Structure formats: structure tokens, C-alpha cells
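Thank you all for making time this morning.

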Amino acid sequence: MNFIKRGFLGITRKKGKSLILLAVIFILGNLISGAISIQQATTNVEANIKERLGATATVELDYEEMDKLSEADWENTVIEDLSVDLMKQIGELSYVKYYDFNIMHWLGSESIDSYQGDMEGEVVHHGPSMDFMLKGINYAPVLDIEEQKAKLVDGRVFTQEEVDNGTSVAIISNKLAEKNNLNVGDTFTLVNEVYTWDEETGEDNLVTSRDVVLEIIGIFESQTIKQDDSEGSSEMGGMMDFMDIEFQNTVYVPNPIIVDEMKYQYEEYLKADEEYAEMVAAEGEEASFEYYTPLYVLNNPEDSEAFAEEVAPLLPNLYKVHSATDQYDSIAGPVESMSNLSRYVLYAAIGATVLIIGLVVLLFLRDRKRELGIYLSLGEKRGRVIGQILIEVMVIALIAISLSLFTGNLIAGQVSETMINADDQSYQDDYMYYGGAIQTHLTTQDVLDSYEVSLNSSFVLAFFGIGLLTILISTVIPLIYILRLNPKKILM
Amino acid sequence: MILEAKDLNYFYQDGEQRRYILKDTSISFEKGKFYTILGQSGSGKTTLLSLLSALDSPHSGTVLFNNEDIKKIGYEKYRRNNVGIIFQSYNLIPTFTAVENVLIPMTITENDVPEDAKTVAYNLLDYIGIVKSKADRPVNKLSGGEQQRVAIARALATNVELILADEPTGNLDEEMEQEIIDIFKRLAHEHDKCVVVVTHSNEIALQSDQAFLLRKGVLTAYE
Ligand SMILES: Nc1ncnc2c1ncn2[C@@H]1O[C@H](COP(=O)(O)OP(=O)(O)OP(=O)(O)O)[C@@H](O)[C@H]1O
Ligand SMILES: [Mg+2]
């Protein structure tokens, strides 16, 4: 009849009391279990979506911040350019796996045709053709290839020497190559045309042009469209097609080539438009064409916040870090609100548990005052009397918690399904972040699709940890009562 | 001397004044004897017994068990290993059977407990007058006299030499009272225990080897 055995007998001999305690803990356990289930599910969604959004970040102008500036502020605000040195400095941070800085330029061609996909013939050209997007790169292995957005199917990537010297070499898509019968080793010609615009007629006038001859060193295949085919919500389809066509018509070249072409265009334009030339001369500023957009691939999507924090102080006024994971906040609305709600439920449930279980245990203890006094009069250590009560409560708690583990999880699944379905209507208007250095195409629907309440080991662990600890605390508080018991007063 | 109380003082604070229940009270007990302590209601009998059984501590004075201060032994340890206490209201644990109630102190004490504790507990109950069929009943299904017998068996379970009882027959009829007193006599005389019983009853006092009278905080021999 030691205190452990007494504890177990205390449960079986007083079944009514045990059942009441079991029921109370079970009900509260369901709340805690459900709240933790939802918490875990939302955390998993966040990790999953952020993983899919990728670990990329860029530095760009903070338009929100600029909007806040008053006219007076503008007077004394100078927007500096992002220097190549700074972009490189940021690239050296430990969070960064590799990085690139790019500059884009659109050119047309008379000798090759652009890829138009399903929209063949639908697109009618007005004015100068600019079908080909030249994407200048500084990172010779090409980030898009390293990041599996594109796969090199033939030839090779750039050498650092080619990149630094601005050698006239290019990597094009297999679709573009097929359409124009081009192979690695072939050259193709784009035209850099300089136009002026007639204000009165609204017409473009070709001033001059020059050929840009590029040798194909590699051919890539797009990897992004494949996954999207299967998901293909029709509304998204058009956008996806458009993005795909642009990607198929992308021509990777070293940065200096683009800088050079832009410079040519600018200088020729100045020659053609004297008025403008005078204006520029009056300002007396040297024109720069090195408007690069940096792109940093981080080691881990979870590093995004830390990276942004570390970079922020290095940036010139009005610039900010934009991470792919930033988009999470804008598409995770329903999941976030569920996460918040479940957090409040969790705190409330823990609070209620401590209060209710504490009171129930205290009532039971007062009921058993005499029994406890007897143990003490027989010389039992107070610690063991406490141990006996803890066993009685914790064994029941363990059973109740184990039961509510499953039911709470089930309830959480049901509740969140209802909430998601209710939310579904209000989030029909999917929003896509398009443009800039980072392009993501995940939507609220993707977030909801990846939301799943599951019974995994980390949930089981978290629930048993939090649940049992809460019960333990709620039991220990009334146990102070035992420490203050005076057996003489109770028994004599 | 197995138990000796020296100059015990115990009082309640009554406003500014101290109301002494025990004043410089001394008393001593030997093994093999059956003692009674008589006194009117409110005279402080229970108070004295609570000090002797280490359920309370005096404001001054000492209680010696085998010449060792029980404070030094440790009150809890003294209760666990050296003394068996019997109360007027039995104080058994109602959810447990008689034999389970007897077994409880055996798991608390540090004294040697026989291997077959359960058999010993049954034998002990049998000796006190509780047959096996009753020993396996929850104690709240036993009569008052039977319950007090179980309480005596519980006090004896740890094989102590000192039994202290506070009005053990206060709730029992005369016939039952005599049976219980006979058990105490047997324990003292046949088993060499020291049995101290607090009582109202002259009858009982007359049967004891030595009786004391507690009056106004002072103990005197009672003839
Ligand atoms: N908490 C207390 N505060 C003040 N006085 C108390 C307190 N407890 C007991 N007393 C007083 O102490 C005195 C002794 O009490 P005690 O219980 O020892 O008497 P007793 O001889 O056992 O009486 P009885 O025969 O009725 O059991 C009584 O007069 C009682 O009123
Ligand atoms: Mg009394």
C-alpha cells in the first residue's frame, strides 16, 4: 500500500470522481488539442508555401515609402542608384547562397521569329517589335538554371571571362531554337533600333539601327510551366501563357552587352532629338546605364527575415529588401486568421484548464482532508502524499489527453474545413505578384490546398507536452493545500 | 522509561493573556504497563496526547522516547516508526478495506516489515477480533466497535512498543468498551507494550496499572 499503489487505488475505488475528472480534462483537452492542431497545420503551411515561394530576395525601391513623402520632402530627396559594390557586398553575407544582378532590354529581329505558343497569329504588332527579352547576367552559371527554373539541354553556360568582357554569346530557349532552326554554335541577329516619337502625329520614326549578332552557346528548356499545367486554373492560364512566352523568348547575355546597347540607343537618340539633348546637357549629369536589379538566392527561405534585417541598414534611402516569401502574407489571409484564432483559443483553453482543474482538484482534496491527515499522522512524508495525488490526477489526465488527442484533431480538421470553405468565396480574386526580379505565381488557393490538419509526431509531442504540463500546473497549485494540512486539527 | 515528558507548557493566546492548558507538566511511562489519563472535558487530555504523539509541539519542555528527544528523532519519523496512535473517531480510510488500512502504515514505516505483510495483517486483525470475511470489507461497512479494532490493528502493524489512544471507547457501548480495554490490557501485559489511554471513564481508570488526573494543567496520580 505504498503511495503509488494508493494513487492507482484512489482512481479505481472512486470511479465517480475519476469519471468527472476524466470528462473535465477530456473537454478541455479537446480545446487544447484542436488549437494546437490548427497551429501546427498553419505553421506547416507557412513553411511549405515559403519553401515553394523560394529563398530569393532582391533590393528595390520602396514605393510605399515614396508615396508617403510630401512634395517638400521630394525637394531634398535624392534617390541614389544601387551601386554594384553594394550589391556585391550584400552578396557576400552568410545567408546568401549565390547572387546575380541583372539588367533587361527588349530588342526585335528581322531574321528570326519569336515564339508565340498558342497565341500564334493572335498578337498583332504595332510599332517597333521588341519580341526578345535580353536578360543580362553577371553570374556565369546563370541563376535561373541553378535554381531549376530552366534546364540546360544543350551546349554550356557562360564563362566568367565572357561575362566580364561582354563577349557576344547567348543562351536561348529550345522553343526559340526549334522555331528558327538554330543550334549551338550558330549565330543570330537582333536589331537595336532607335526611334523618335512625333508628338503631333503620334508616330514613331526610325532614326537609325544596328545589328546585334550573338553566338548561341547554350539552349535551355523552361521548367516552370510543367507543374502549372496540372494545376491550370483557367483564369490563371492566360497569365501563365503570357509569362511562358516571355520566358521562351528570353535571351541570356552578359550584362555589358546590354549596357552597351542601351548606351548606343541613348546616344543616338540624343543626336536625333536636339531639344532633349540640350536639356540633358543643361543638367550636366553623366548618363549611367548600370541600373541593375540584384537577385539573391538565400540558403534557406527561413533566412529571409534575418537577411532583410541585416541588409536594411546598408541600403541607401528609400530602398528595401523584397523577398519572395513576402508574398506569403498577402496570400495567407485565411490561414493566418485561423492561426490567430487558434492561438487565442489555445491561450484561453490553457487558462481555463489551470483554473477549472485547479478548482476541481482543490474540491476533491478538501473532500479527502481526513484521508490526507491520516497519512500524515502515520508519519508519511508530505512529498509522498503529494505524489499520490499527482499520480491520481496525472493518470486520469494521461487517459483523457490521449483520447482528446484524436478527437480534438478530428474536430480541428472539421472546423478548419468549414472555415476554409467559408473563406473560399471571399478570396476568389487571386492576386499574383508579377514583375520585378521576383516572380511568384502562388495564390491563396495554393495556400488553402496545402493546409492540412494531420496527426503527426510533432503534434502528438507538442500536445502531450502542453497538455500534461498544463494539468500538472493546475494540480500543483491546489497541492499547496496539503502542505498546510495540520493532522492534529483534522483528526483529534 | 520508554516515554517521558518533562516540564511541558502549552497555552493559547487569549488577547494579551496566555491561557495555559499544560503548565510544567511532567509524566513518564514504562513498557508492559497500561496507563490511563483522566480529566474533565476541556482539561487538556487531548492536548497532552498530541504532544506525546508528536502531532503537535509544546511551547516549552521536552518529550523523550527511550531517552531521546523526539524533536531530535524528528516528529514525522517518530510517528512513522515509534508510536501507534488511536483516535476516538477511528480515522480509517473509508475507500479501503480493513486489511488495506492495516497495510498502509507497513509501507510507511522504516521498521522491519515481514515479507508476507498481508498474512500478518490478517492475523493481527484476527487477534483483535476481526475475522477474514470482515477484513476484506471496506471499513465503512463495519460497526463502530469493529472499526476501532481495525484502528488498533493499524496502530500495532508497525510493531511499535508505544500505543497512545485518545478516548478510544468514547463512541462505543459498554460491552464493546470492555472488549477493547481487554485488548489493551493484553497488549501491555502479554506483549510488553506501553499503552496510554485518555478517558473520561472511572471504570477504565480502575482497570489500569496506573492512572493520572489532569486538572488545571497539573497532573496528579489518581487513586
Ligand atoms: N484552537 C484553540 N484555541 C483556543 N483554545 C483551544 C483551542 N483548541 C482547544 N482549546 C482549549 O484547550 C483546552 C483543552 O482542550 P483539549 O481538547 O485538550 O481538552 P480535552 O481534555 O481533550 O477535552 P475533551 O474531554 O472534551 O476531549 C479546552 O479548554 C479548549 O477549549
Ligand atoms: Mg479530548
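I will go through the ligand site, then the cavities, and then the strands.

Before that, some words on conventions: this is a predicted model, in which local features need pLDDT of at least 70 and side-chain atom pairs count only at pLDDT 80 or more, whereas totals for chains, interfaces and linings use all residues. Residues are numbered from 1 along each chain as its sequence is written, chains are lettered from A and ligands numbered from 1 in the order in which they are written, and side-chain values use heavy atoms, with hydrogens and water left out.

Let me begin with ligand 1, which is surrounded by 13 residues, the closest being B:Ser41, B:Gly42, B:Lys45, B:Thr46 and B:Thr47; a residue counts as near if one of its heavy atoms lies within 4 Å. By class, this shell has two nonpolar, eight polar and three charged residues, where Ala, Val, Leu, Ile, Met, Phe, Trp, Tyr, Cys and Pro count as nonpolar, Asp, Glu, Lys and Arg as charged, and the others, Gly among them, as polar.

As for polar contacts, meaning pairs of N or O atoms within 3.5 Å, a polar side-chain atom of B:Ser41 lies 2.5 Å from an oxygen atom of ligand 1, and an N or O atom in the side chain of B:Thr46 is 2.7 Å from an oxygen atom of the ligand. For B:Arg19, the side-chain N or O atom is 3.2 Å from a nitrogen atom of ligand 1. On its own, ligand 1 has 640 Å² of accessible area, and the protein covers 60% of that, by the Shrake-Rupley method with a 1.4 Å probe. Strand 2 (17-29) and helix 1 (45-52) of chain B are the elements that give two or more residues to the shell, and helix 1 of chain B has the largest share, with three residues; helices (H or I, at least four residues) and strands (E, at least two) are DSSP runs, numbered from the N terminus.

Volume here is the space filled by probe spheres set on the points, which are joined across faces, edges and corners.

The largest cavity holds about 120 Å³ of space, and among its 14 lining residues, A:Leu378, B:Arg79, B:Val83, B:Gly84 and B:Ile85 lie nearest its centre. Strand 6 of chain B gives the most to this lining, with three residues, and the lining has seven nonpolar, four polar and three charged residues.

The second largest cavity, of about 70 Å³, has a lining that includes A:Lys17, A:Phe364 and A:Glu392, and its residues divide into six nonpolar, no polar and three charged.

Finally, the strands, which count as paired if DSSP finds at least two bridges between them. Chain B has an open sheet of four strands in the order 2-1-4-5, with antiparallel pairing, and its edge strands are strand 2 and strand 5 (68-69). Nine bridges join strand 1 (residues 3-14) to strand 2 of chain B, and B:Tyr10 has B:Leu22 as its bridge partner.

In chain A, strand 6 (residues 187-197) and strand 7 (residues 204-222) pair in the antiparallel sense over 11 bridges, A:Glu193 being partnered with A:Ser209. These two strands of chain A form a hairpin with six residues between them, and A:Gly202 in the turn has a positive phi of about 70 degrees.

Key
A polar contact is a pair of N or O atoms within 3.5 Å; within protein, one must be able to donate a hydrogen and the other to accept it, and residues adjacent in sequence count only if both atoms are side-chain atoms. On a 1 Å grid over the protein atoms alone, a cavity is a set of points where a 1.4 Å probe fits but cannot get out, and a pocket is an open set with protein on both sides within 12 Å along at least five of seven lines; lining residues have an atom within 4 Å of a point.
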